[in-house]
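Reader: I have just opened this one and would like to be walked through it slowly. Could you take my questions as they come?

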Amino acid sequence: MKHTLRQIFRSGKFVFGFSIFVGILLIVIIYPLIITNHPLEIVGQGTFFPPGVYVNVYDSLGSTSYTLMLEDAAAKRIASKLSEGDRTAIKEWLVKAGIPEGEIDTADTEKLLDQWVNNYDPNKNIPGMTNAKRNYFIRLNNSLKGLLSTEGVSIAVKNTETGALEESDFVGQSEYVNVSQVASVRVLPLGTDNFGRDVLTELVAATRVSLQIGFVAGTIATLIGLALGLLAGYVGGLVDDIIMFITNLFTVIPTFVLLILISFSIGQDKRGPFAIAVVIGLTAWFWTARAVRAQVISLRNRDHVNLSKLSGHSIAHIIIADILPYIASYVVMALILQISAGILAEAGLSILGLGPRTTEVPTLGLMMNWAMIYQAQILGKWWAYFPVIVVIALIAFSLNLMNTGLDQVFNPALRD
Amino acid sequence: MPVEKELYLSASGLTKVFGFGRQKTVAVDHVDLNLYEGEVISIVGESGSGKTTLAKMLLGLISTTEGDIYFQGKKRDISTHRKKKEYWKNIQAIFQDPFSSYNIFNKIDTVLLDCIHMRGGRKFPYAKKVELMTEACSFVNLKFEELTNKYPFELSGGQMQRLMIARIFLLKPKILLADEPTSMIDACSRATILDMLMQLRKEIGMTIIFITHDIGLAYYVSDSVYIMEHGKFVESGSADDVILRPKEPYTKRLLNDVPKIYEEWDLSTV
Ligand SMILES: Nc1ncnc2c1ncn2[C@@H]1O[C@H](COP(=O)(O)OP(=O)(O)O)[C@@H](O)[C@H]1O
Ligand SMILES: [Mg+2]
């Protein structure tokens, strides 16, 4: 036993997969202890805020301000206002207005703006330009006004009695606040989703729930499969025929369709994560049953089983002591695969909108479902779905790697 | 044949068919067999002739397709677990391959304790159990102190087969079915194993069915011999009759494979 364990942990594949899996588990356990926000709390008024550090503007006005003389500050400010699309548009207009293309450099912000300010005339008639395009250039021009200004901004407060605006503060262009001194800062490493929820916090919670669903579904499937496989394989005869009939029936029906039908018939309000896990488990046991049966049939005529019979042991004792230990490694491997399959099945169901009801807990599948409904993939809001895919892939990858590693240990023919 | 002795085990028309249709194999084909108290009989045949299948039917480990088995004059009844257990107190076996005969997850102690428990010793104080196990081990020249808490696969093939004999020593069955007990172990251990079997037979007055592919060995150990070919007994009788005056060509062929039968199995040297 100890020897086998040592051998398992000497298998590179197993250790690699195991490390990834334990890493995921640790994050899932430790993260909620540090970040105690509710995973479904809506923090953003709006959809899909990009990942980043969110600094409260009002609080930063109130924080100590420092003056830093940074040479590139102005250039950066202008550059951040002027997108790549705006630059090409400006170039397009300038070329049409008769400036030689060689003289225009979209990368040189200051020169480009200079050329624009000197040449742009909203009334200039450029042949072949649509009205919509003309209006776009007028808007662009307005947004660029004041970009080259070196003045600061005044903060004014409304006098409660007179209603007049009174300047309360003035922010110069070289003033800085220290982020760590701003009262309210929120880091959203993966931004927010369509509901305005913190994606990372939600993702961790979803991973935990999905793992639980996987464990429950995998355990149910493995236990049922093991029990029926042992019974069919060892007892044989009519019992075997009946069990194999049911198993074959399940094998020919596409399970996922079955899963969809059952989930659908349960109804949205009764579909908690646990119910979904049970349904997945109930439709996944037959592979294990088949495999266990085959193993038991090859074991039941072995001499050590015969010797156990001759020693007067009961069927129960023989199954537990003389059959189970021989297939234990196999069952562990089946369990690992079933867990992985359970997590994927939940994701598949949820993407179709047949997963657990959406109000209580997130799951990896539900996050994918939400991202898809709100077209995150079309809008390019990668943070709403890509991390979810990565987590699903990592879990499946690590579990399958552990399985391959175990296979190599238990199956000497596969050792490299 | 000693008439006054009790007929222990007999079989008539015993048949075993595996599979059906095209894959049908008739492993044992209408076999009759009589085993009297205290006797040693040998079943001799080439590999695949159905010896092990016959043994398993006699042991009640597999079902029979056809035919009856009588035990001590009555038709054998092993329909319930209790009846089977009772039957197996009387008939035990040693299998061909010691390496697959043991549950690799059980310690040697478990193997031997099972036998003590089967003989009604479940409530014995542990010291008494150790005493019994030590006695059984020393009978086969093993030291229980060295074996305790070890696993059978830590032993050599010969030692494992000796442990099997120790098991029989504890169980003291009326009949022992030894299915090629020496064919998978090294030549040096063979004579020792056979010797121990014969000694055990004397000690507890056991009746033995000895299965072998080696006709010379059969001559050495047995009173009567059954020659088996393709599931049928083609010739049977006293060891002297069958082996010294064979009638069937199959028997003669088996004998030709052991040309130096008289020198090799000189009774005094083994
Ligand atoms: N469980 C089984 N299923 C199908 N055929 C079997 C089975 N056991 C034995 N046989 C067949 O029965 C025949 C006799 O085998 P066996 O009794 O093991 O012979 P022996 O012990 O003399 O070598 C062989 O042809 C073998 O293939
Ligand atoms: Mg055999």
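Reader: How many bridges join β6(B) to strand β7 of chain B, and do they run parallel or antiparallel?
Author: In this predicted model, β6(B) and strand β7 (residues 175–179) of chain B run parallel and are joined by four bridges; strands here are DSSP runs of E with at least two residues, helices are runs of H or I with at least four residues, and both are numbered from the N terminus. Two strands are said to pair if DSSP finds at least two bridges between them. Residues are numbered from 1 along each chain as its sequence is written, chains are lettered from A and ligands numbered from 1 in the order in which they are written, and side-chain values use heavy atoms, with hydrogens and water left out. Local features need pLDDT of at least 70 and side-chain atom pairs count only at pLDDT 80 or more, while totals for chains, interfaces and linings use all residues.

Reader: Which residues stand opposite each other there?
Author: A93(B) stands opposite L177(B) in β7(B), and Q92(B) has L176(B) as its bridge partner in that strand.

Reader: Is β7(B) mostly covered or mostly open?
Author: It is mostly covered, since five of its five residues are buried, where buried means under 20% relative accessible area, exposed over 50% and partly exposed in between, with a 1.4 Å probe and protein chains only. I175(B), L177(B) and D179(B) are buried on one side of β7(B), and L176(B) and A178(B) are buried on the other. In general, the side chains of a regular strand alternate between the two faces of the sheet.

Reader: What is the order of strands in the whole sheet?
Author: The sheet is open and has six strands in chain B, in the order β6-β7-β8-β3-β9-β10, with mixed pairing. β6 (91–94) and β10 (232–238) of chain B each have a single partner strand, so they stand at the edges with one side left without a neighbour in the sheet. On average, neighbouring strands of this sheet are turned by 15° against each other, direction ignored; the axes are lines fitted to C-alpha atoms, for helices over the stretch in contact, and angles run from 0 to 180 degrees between N-to-C directions.

Reader: Back to A93(B): is it buried or exposed?
Author: A93(B) counts as buried because its relative accessibility is 1%. Not counting residues up to four places away in sequence, A93(B) touches L310(A), L59(B), R167(B), I168(B), L176(B) and L177(B), a contact being heavy atoms within 4.5 Å.

Reader: New topic, then: which residues have the most contacts inside the largest nonpolar core?
Author: L9(B) and L58(B) do, in a core of 78 residues; a nonpolar core is a set of buried Ala, Val, Leu, Ile, Met, Phe, Trp, Tyr and Cys residues joined through side-chain atoms within 4.5 Å. Helix α7 (residues 157–171) of chain B gives the largest share of this core, nine residues. Apart from that core lies another, of 35 residues, including F21(A) and V199(A).

Reader: Where does L9(B) pair, and what stands opposite it?
Author: L9(B) stands opposite F71(B) in β4(B), and β1(B) pairs with strand β4 (residues 66–71) of chain B in the antiparallel sense over five bridges. β1 (residues 7–18) also pairs with strand β2 (residues 25–36) of chain B, in the antiparallel sense over eight bridges.
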